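Please keep the structure in view while reading.

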Amino acid sequence: LASHRLKMTLVKLSITCKEDLAIECKESQIEQVLLNLLNNSIDAVADLEEKWIRIEVIEKEDRIVILFTDSGKGIPSQHVDRIMEPFYTTKPVGKGTGLGLSISKGLIESHNGKFLYNFQTLHTQFIIELPKIQPSQSHS
């Protein structure tokens, strides 16, 4: 879905993932999160000299960790505490709704996962942690 934008902006995308990894999830919701992060990253790095996005999927016992990193220099510290709030955006007027990260966080949490911004890297990085198998729901 983002391949045209990647080509037009000359952003290099690399994905590292073992072939046989699987998680129990609502695929369209996880796809929505990844597409939102991809579009945000393209917007953030399109005008930079160094333009890349790296998605690394790591297996850790009973969960999958997705490191979503781009060549941006990170989110300014004055915005970090608010970026997951609904309707909060750092984009110019008319360029963003401020809902993408808030919705993404909610979707990941609805899968019993974690959606975090890593402010300890040189670049912009989000971390998604998802259980491989969703806990069974108790029907009482």
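**Backbone angles and a pocket**

Glu61 has a relative accessible area of 72% and is therefore exposed. The model is a predicted one.

**Positive phi**

- Most residues other than glycine have a negative phi.
- Glu61, in the loop between β2 and β3, has a positive phi near 45 degrees.
- Leu10 also has a positive phi, near 60 degrees, and is found in the loop between α1 (3–9) and β1.
- The relative accessibility of Leu10 is 66%, so Leu10 counts as exposed, the cut-off being over 50%.

**Helix α4**

- Helix α4 spans residues 100–110, and its buried residues are Leu101, Ser102, Ser104, Leu107 and Ile108.
- These buried residues pack against α2, β4 (114–118) and β5 (124–131).

**Second largest pocket**

- The volume of the second largest pocket is about 480 Å³.
- Its lining has 17 residues, of which Ile23, Ile30, Leu34, Val57 and Ile66 are the closest to the centre.
- At least two lining residues come from each of β1 (12–16), α2 (27–45), β2 (52–60) and β3 (63–70).
- The element that gives the most to this lining is α2, with 6 residues.
- By residue class, the lining holds 15 nonpolar and 2 charged residues, and no polar ones.

Notes. Residues are numbered from 1 along each chain as its sequence is written. This is a predicted model: local features need pLDDT of at least 70, side-chain atom pairs count only at pLDDT 80 or more; totals for chains, interfaces and linings use all residues. Side-chain values use heavy atoms; hydrogens and water are left out. On a 1 Å grid over the protein atoms alone, a cavity is a set of points where a 1.4 Å probe fits but cannot get out, and a pocket is an open set with protein on both sides within 12 Å along at least five of seven lines; lining residues have an atom within 4 Å of a point. Grid points are joined across faces, edges and corners, and a volume is the space filled by probe spheres set on the points. Helices (H or I, at least four residues) and strands (E, at least two) are DSSP runs, numbered from the N terminus. Ala, Val, Leu, Ile, Met, Phe, Trp, Tyr, Cys and Pro count as nonpolar, Asp, Glu, Lys and Arg as charged, and the others, Gly among them, as polar. Buried means under 20% relative accessible area, exposed over 50%, partly exposed in between (1.4 Å probe, protein chains only). Contact means heavy atoms within 4.5 Å.
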